[in-house]
Amino acid sequence: MQRDPSNPLIVQGDRSILLDIHAPRSAEARCALIPFAELEKSPEHLHTYRITPLSLWNAASAGLTPEEILSVLDDFSRYPVPANLLVWVSEIMSRFGEVTMEEVPGGADENGDNGIPAGQQLILKTASRKVFLEISASKKTSKYLFPVPGKENAFTLDLLNRGTVKQELLRLGWPVKDLVPLKAGSPLEVRLRKETTGGKPFEIRGYQDSAARAFVGDKNPGTGFGVIVLPCGSGKTVVGMDVMAMLQTETLILTMNTAAVHQWIGELKDKTFLDDNQVGEYTGMVKDIKPVTVATYQVLTWRGGKEEEFPHFTLFRSRSWGLIIYDEVHLLPAPVFRITAELQAVRRLGLTATLVREDGLETDVFSLVGPKRFDVPWKEMEEQGWIACARCKEIRVPLPEDLEIKYASASLREKHRISGENPLKAKTAAFLVEQHRGEQILIIGQYLGQLGEIASLLNVPLITGKTPELQRERIYADFRSGKEKVIVVSKVANFAIDLPDASVAIQVSGSFGSRQEEAQRLGRILRPKERDSVFYTIVTEHSVEENFAANRQKFLAEQGYEYSIIRGGDCCL
């Protein structure tokens, strides 16, 4: 077959894929790659994607077949797809479902067909003797798995070890297809309103309902656990409420901070018929457990000392939860992973804008919370008008001469701080605020001294982790109403804050190597609005910040955004 030399993809035998962003069908190809390939590098002309076992297993769990993936590669590839890649994709995807975990069938005497008490143990099965022997030889799983006498290629395991076994087998390269039924939890009537309490029409968007249905499935074994990936500003909270309405069960919602807890509670009361007697808050200040309880990760992971237990883990067992929602699941703390390994009988919904974890624990999200069930490219949603069009600009400013020697002799950590707190950034931020006078502007940073200086310079409110909760919420309310046009915020603004009218974000410092942070900060200005949004990042030129910028470019490129680089004195826009 004759190949089109203008096709955008170059598929290589090492499982990497080059995307020529100048080719006619590059945008279409990028969207087609998202379900099964991961972006690695994104310089000016050729972006590099890689197909990994985890990316293929996520694709398989979402219903993609090897034939569909290979068809995409064949359709967009400039040259023939390497034969070894064709074989490898099929082989790796075939591993998903090769090992299954099932309930022990109970008999009249409440025992299974091997005399095992039903409900207390599970069976791990494979049709392959080779796979069985490989698992048997693993020292990591030997203390959890026990061959079943008289039953070929099967193990038993304690119910409590369900999640841990799935973690270990994924590391061996055998993702478990979990077919153990999930418990229903205590029933709770959850009905969605047609109008919000403020009288505005409320309707689930098509993609939100599709995401919820992809998670719930037919409610049979193998459904009811997994991750929904949607951009900030696209209504992930609404997806969670839609799932609650489908399942009609008591729900535990975990999120990043108290502001996010209050936002969830506000949304639940505004868009469902749940009342004050049914929705509770579980935070550092309030411990109110109700049929729907919204808690912070911080309170759950608090303990008196390193050797002590986590006292608030009792929340997980305080009611018969039928659903646990993990908001910002890509930031799930390690201790919550640990308890989640034990909670495999409960439906588990992860919500996130990006599955990237800087610690590389995406595999734990897959095995313990569940695989990716739904994902939509950000640019696709922008084109449909569901999120704002965003322009991304990086402004590079010089380091003042009096700091050059200090910077040159500093450690890497100190270099990061010196460049992050560059005093010229405050002046640049003030210039940008003046350029966007009248618009709703967020100035975001990491270093409190720098943020305090900018807030004083502009005479605007400052929110940090030390700001009292009532004062913080008052400032947010003034910003939403337009009473305050500019606010300065620390990292507390990264997570789950609903600021629908923000149209300009100015990032003066941060964890510039973190794609997670970039997703959250960009998301603050993506709520739909009539005008385009602008996301500025001010970077010290010829410093470590320029190196960290590569990860920002990678994330933005993955979502289809382009951004320009502006040198210091030229930032007159």
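Mentor: Phe-310 and Phe-313 are both buried. Keep in mind that this is a predicted model. A search of the whole structure turns up three aromatic pairs. In one of them, the ring centres of Phe-310 and Phe-313 lie 4.9 Å apart with their planes at 25°, so this pair counts as stacked. Phe-313 also pairs with Phe-316: here the centres are 5.7 Å apart and the planes stand at 75°, so the arrangement is edge-to-face. What is the burial state of this second pair? Phe-313 and Phe-316 are both buried. Taken together, ring pairs join Phe-310, Phe-313 and Phe-316 into a cluster.

Lys-166 lies over the face of Phe-225, 5.4 Å from the ring centre. Arg-191 places its charged end over the ring of Phe-273, at 4.3 Å from the centre.

Now go to helix H5, which spans residues 129–136. Which of its residues are buried? They are Val-131, Phe-132 and Ile-135. These three cover an arc of only 105° around the axis, which puts them on the same side of H5. The spacing fits a general rule. An α-helix has 3.6 residues a turn, so residues three or four places apart point the same way.

What covers that buried side? The cover over the buried residues of H5 includes strand S5 (99–103), strand S6 (121–126), strand S7 (146–147) and strand S8 (154–158). Helices contribute as well, including H6 (139–142) and H7 (162–172). At its N-terminal end, H5 is capped by Ser-128. A side-chain oxygen of Ser-128 lies 3.3 Å from the backbone nitrogen of Lys-130.

As a general point, strands of a sheet pair through backbone hydrogen bonds, either parallel or antiparallel. S5 and S6 run antiparallel, joined by five bridges. Within this pairing, Glu-103 stands opposite Leu-122 in S6.

Two further residues are worth a stop. His-436 sits in the loop between helix H17 (424–435) and strand S18 (441–444). Is His-436 buried or exposed? Its relative accessibility is 8%, so His-436 counts as buried, the cut-off for burial being under 20%. The side chain of His-436 makes a polar contact of 2.7 Å with the side chain of Tyr-536.

Glu-453 belongs to helix H18 (residues 448–458). Its relative accessible area is 43%, so Glu-453 is partly exposed. Glu-453 and Pro-423 are 30 residues apart in sequence, yet their C-alpha atoms are 9.3 Å apart in space.

Last, step back to the whole protein. It has 21 helices and 23 strands. Of its 573 residues, 57% are buried. Take the contacts between residues at least 6 apart in sequence: 73% of them join residues at least 24 apart.

Note on methods. Residues numbered from 1 in each chain as written. Predicted model: local features only at pLDDT ≥ 70, side-chain atom pairs only at ≥ 80, totals over all residues. Heavy atoms only, no water. Buried < 20%, exposed > 50% of the residue type's maximum accessible area, 1.4 Å probe, protein only. Helix = DSSP H or I, 4+ residues; strand = E, 2+ residues; numbered from the N terminus. Arc of directions from axis to C-beta. Contact = heavy atoms within 4.5 Å. Polar contact = N/O pair within 3.5 Å; in protein donor to acceptor, adjacent residues only side chain to side chain. Phe/Tyr/Trp six-rings, centres within 6.5 Å; stacked < 30°, edge-to-face > 60°. Lys NZ or Arg CZ within 6 Å of the ring centre and 35° of its normal. Pairing = 2+ DSSP bridges.
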